[in-house]
Amino acid sequence: LRYLKENNITFNILKITNMKTNRIYIILLFFLSILCYSDLNAQSTMNTDFWVTFLPNEDDLETLTLVATGNNSCTGIVTNPLTGWNSSFSVSPGNITSINIPITQAYDRNASDAVINKALHITSTDSISLYANNYGPFTVDITNVLPTVFLGSDYIVQTYIGNSMFSVIATEDNTVVNINLSGNSYNHIANSPFTVTLNAGQCYQVQSINIDTDLSGSTITANDNKKIAVFAGNICNRVPHEEEGRDHMMEQMIPTPHWGNEFIITNSLLRTSDRVRVTALNNDCEIIKDGILLTTINARETYEFEITSSSPVTYLETSEPSSVFLYSTGAWYGGMDGDPSMVIVNPLNQR
C-alpha cells in the first residue's frame with residue numbers, strides 16, 4: 001500500500017458488506033499491487049549481453065570457467081574481441097552449462113597498473129544468468145556477472161585488507177577512465193587521481209603494493225557516461241586479516257546509482273561468525289544495525305562489524321547510499337571447514 005501511495009496508484013474500492021467477499025477482494029488487491037510493482041520495477045540479472053574478466057588468484061593452476069543457466073533453450077558465444085578467440089555454447093532449461101576459458105584469454109596474474117587485453121564479451125540468443133568461477137586447487141571464488149545494460153560509469157570499490165585488487169573493463173572504444181586510489185599500488189600512490197584510456201575489451205588492472213593495503217574507497221569513473229564493468233577482491237586473503245585460513249575473493253561491483261539504504265544480512269550456515277563491511281557514498285553516513293547506531297562514516301570510508309550465529313539475522317540501515325558486502329571468515333575463526341569468500345548484499349529495493 002505504501003508503494004501504491006508513493007507511485008500515485010489508486011483504486012476505487014466498492015463498499016462490500018460481506019466479510020468473506022471483502023477478504024477475497026483484499027487478497028486480490030494485494031496480488032494486483034505485487035503485479036504493478038513487478039511490472040514497473042522488476043529488474044533481473046538475466047540478459048543476453050555481458051562483459052567479464054578474471055582477477056589474479058594465488059595458485060599457478062587456475063581453471064577459469066563461465067557458468068550459464070537459463071529458462072529457455074538458447075545458444076551463445078564467448079569472445080575476446082581483441083584476440084579473436086571465441087567459443088560457442090548452448091543452454092537448456094534446468095541444466096548448468098560450464099564454459100572453459102583459456103588462461104591466456106582472460107587472466108594476467110602479474111599485471112598491475114597495466115592495460116591488458118583480457119576482457120570477454122558474452123552474447124546469447126535468449127536471456128541467461130552468468131557467473132564467473134576462478135578455481136585453484138585450494139583457492140576458489142565465484143561472482144555473478146551483471147548484464148551490460150545494468151553497467152554504469154561511476155563506481156567505488158570495496159575489497160578486504162591485504163593483496164587487494166580490481167580490474168576495469170571498457171565496453172566502448174576511447175573510454176577515458178578516471179581513477180583515484182585509496183591505497184598505494186605498484187605505480188600509483190593514494191589520493192593522486194590519474195586517467196587511462198581504454199578501447200572495448202581492454203582492462204585496466206590494479207594490485208595493491210603490499211599485503212596490508214585495502215583498496216576499498218577507490219573511485220572509478222568513465223567520461224561521457226560510457227559504461228564500464230568493475231571487478232574487485234583479493235588475491236588470497238584472511239578474514240579477519242590477522243586470522244589463519246586464506247582464499248581468493250572476487251565480486252563484481254555495483255554502479256553507485258544502484259546503491260541502497262536498507263539491507264537484510266544473514267550469518268552463513270554452520271559458521272559461528274561472519275564479517276560485514278559497509279562503504280559510504282556520501283559524508284555523514286549513519287550506520288544503524290537493528291535500530292542501534294553503530295557509527296558515522298564519510299564518503300569512500302568503510303566500516304566493518306561482525307554478525308554471529310547467536311543473532312544470525314541483521315536489519316541494516318544507512319542514512320546515505322551504501323555498498324554492503326558479507327565476508328565469510330576463515331576456518332579457524334568461523335568454526336567450520338572452508339576459507340573466506342565475499343558476496344555482495346543487495347539493498348532491499350533490488351529484492
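Predicted model: local features only at pLDDT ≥ 70, side-chain atom pairs only at ≥ 80, totals over all residues.

User: Which strand does T65 lie in?

Analyst: Residues are numbered from 1 along each chain as its sequence is written, and side-chain values use heavy atoms, with hydrogens and water left out. Strands are DSSP runs of E with at least two residues, and helices are runs of H or I with at least four, numbered from the N terminus. By that count, residues 63-69 form the strand that holds T65, namely β2.

User: Is T65 buried or exposed?

Analyst: Buried means under 20% relative accessible area and exposed over 50%, with partly exposed in between (1.4 Å probe, protein chains only). T65 has 9% relative accessibility, so this residue counts as buried.

User: Which residues does T65 touch, not counting those up to four places away in sequence?

Analyst: A contact here means heavy atoms within 4.5 Å. Leaving out residues up to four places away in sequence, T65 touches F54, S98, I99, N100, Y131, A132 and N133.

User: In which sense do β15 and β16 pair?

Analyst: Two strands pair if DSSP finds at least two bridges between them. Strand β15 covers residues 228-238 and has six bridges with β16; A232 stands opposite E251 in β16. The sense of the pairing is antiparallel.

User: How many residues of β16 are buried?

Analyst: Strand β16 spans residues 246-252 and is mostly covered. Of its seven residues, the number buried is six.
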